[in-house]
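Keep the 3D view open as you read.

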Amino acid sequence: MTQLNETHQPELRSWVASANNQQTDFPIQNLPFSIFRRHGRNEKFRAGVAIGEHIVDLPAAHKAGVFSMSLTPMLRTLNKSKLNKFMGMGKGAWSELRLELSQALREGSPSQALLENCLVPQTQAEYKVPARIGDYTDFYTSINHATNVGKLFRPDNPLLPNYQWIPIGYHGRSSSIEVSGHGFHRPHGQLKAPDSDTPVLAPCKRLDYELEVGIYIGKGNAMGHPIGINQAEDHVFGLCMFNDWSARDIQAWEYQPLGPFLSKSFASTVSPWIVTMEALAPYREAWSRPSDHPQPLPYLESHDNRNVGAVDMHLEVLLQTAKMKADGHAAERVALSNFNQSYWTVAQMVAHHSVNGCNLKPGDFLGSGTQSGTTAESVGALLEATQGGKNPINLSNGEQRTFLEDGDTVTLTGWCDSETAPRIGFGHAAATVLPALEIE
Ligand code: CA
């Protein structure tokens, strides 16, 4: 687990004025990574770090001579359109760069004159998925979500017996993960009405979002060599916002016996920014398991995981319908949850994923599963908020939703704050539902 260091000091201020705004996602204590370029220019995508309303162009800063010579091999990896090589360099390398960036961006830094020319306003940027995601695994770590969904499918037996022992997951599809700002067509699939003997092929009618945290693997492990829980977080580069769009009617018909398939693989959305585990150090919390639940097996148990395994990370879903857009209304909050409710921690997910010897690679991606709290306002999917489509949610302009309609834009946001550390944010993961295409 990362110790607090000088980069976390709450009193640090930057010469980038917008970074000192208390509402910014990107104060000098955050320093998240993305892959970006200036929109509409014939430029290479490259790595950047957010500061206030700007992006530090890392290759440009390297060229300007802002960093120590010893960082040169690392900085060469950041002049690429994917972060995988940098992610694979490990925690020590990420931390060295974070310290030098923090020092160069502080008020009074002698590097200010050099770095000022390396800033790009975020309003001028476009982004890519920041890593080549080789493999993507989606977990199911919210017991509230698992129980709410289980009740809809199996009222007498909502939580299956393995849930409290295994961080449940399935292997997902990485090719359809896109960066915030995209649209996707409503998927077709096999739908079977409860009162019908046969399915039909039709556009999904029960399209849903899933409020998840995305986890990027940093340094990988050799095949056959599990990652112990005490080393697990050393293998995690950072976290982002993640929407695992789900077609509930396709899912209901296909999910047994092997789990979700086409109900999930048509689109997923990540935020452009990855907040490093080091930046999250001030917002860690104790993790516990209710005493009347089974306690984890020893390979999923550690002192650090108990003391600081959870992340106090607020998670939010915003919805803007086509009518709200046309009427000039802002997106409206439909859910507010927190990652600290998770039944399993990031370290437990990584330790479990690799316990059979499965090799994780830099840039591999884990979804946390939908993060639902215990109240109606804190559930992370419409399936739960509407009790399976039975009770629509009411929007402030009089519209209702059971599931998503064409033209709806869903935006996920996340942030951390505490009494002793400033607010840091994750930016947005937003995408818009487009009408189904005709099938030829
Ligand atoms: Ca999911």
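The notes below cover ring pairs, a charge over rings, a helix and a glycine in a loop.

This is a predicted model, in which local features need pLDDT of at least 70 and side-chain atom pairs count only at pLDDT 80 or more, while totals for chains, interfaces and linings use all residues. Residues are numbered from 1 along each chain as its sequence is written, and side-chain values use heavy atoms, with hydrogens and water left out.

**Aromatic pairs**

- The structure holds 16 aromatic pairs; rings of Phe, Tyr and Trp (its six-membered ring) pair if their centres lie within 6.5 Å, and planes under 30 degrees apart count as stacked, over 60 as edge-to-face and the rest as tilted.
- One of them joins Phe33 and Phe86, a tilted pair with 5.2 Å from centre to centre and 45° between the planes.
- This pair links distant parts of the chain, 53 residues apart: Phe33 is in strand β1 (residues 33-38) and Phe86 is in helix α3 (residues 84-88).
- Helices (H or I, at least four residues) and strands (E, at least two) are DSSP runs, numbered from the N terminus.
- Phe33 is buried, with a relative accessible area of 3%, and Phe86 is buried too, at 0%.
- Buried means under 20% relative accessible area, exposed over 50%, and partly exposed in between (1.4 Å probe, protein chains only).
- Ring pairs also link Phe33, Phe86, Trp94 and Phe237 into a cluster.

**A charge over rings**

- The charged end of Arg289 sits over the ring of Tyr343, 3.5 Å from its centre.
- Arg289 also lies over the face of Trp344, at 4.5 Å from the ring centre.
- A charge counts as sitting over a ring if NZ of Lys or CZ of Arg is within 6 Å of the ring centre and within 35 degrees of the ring normal.

**An enclosed helix**

- Why is helix α10 (residues 346-354) described as largely enclosed by the rest of the structure? Eight of its nine residues are buried.
- Among these buried residues are Val346, Met349, Val350 and His353.
- Their cover includes strands β6 (136-139), β13 and β22, and helix α8 (303-308); contact means heavy atoms within 4.5 Å.

**A glycine in a loop**

- Gly181 is found in the loop between β8 (177-179) and β9 (182-185).
- Gly181 is exposed, with a relative accessible area of 68%.
- Gly181 and Ala429 are 248 residues apart in sequence and 7.4 Å apart in space, C-alpha to C-alpha.
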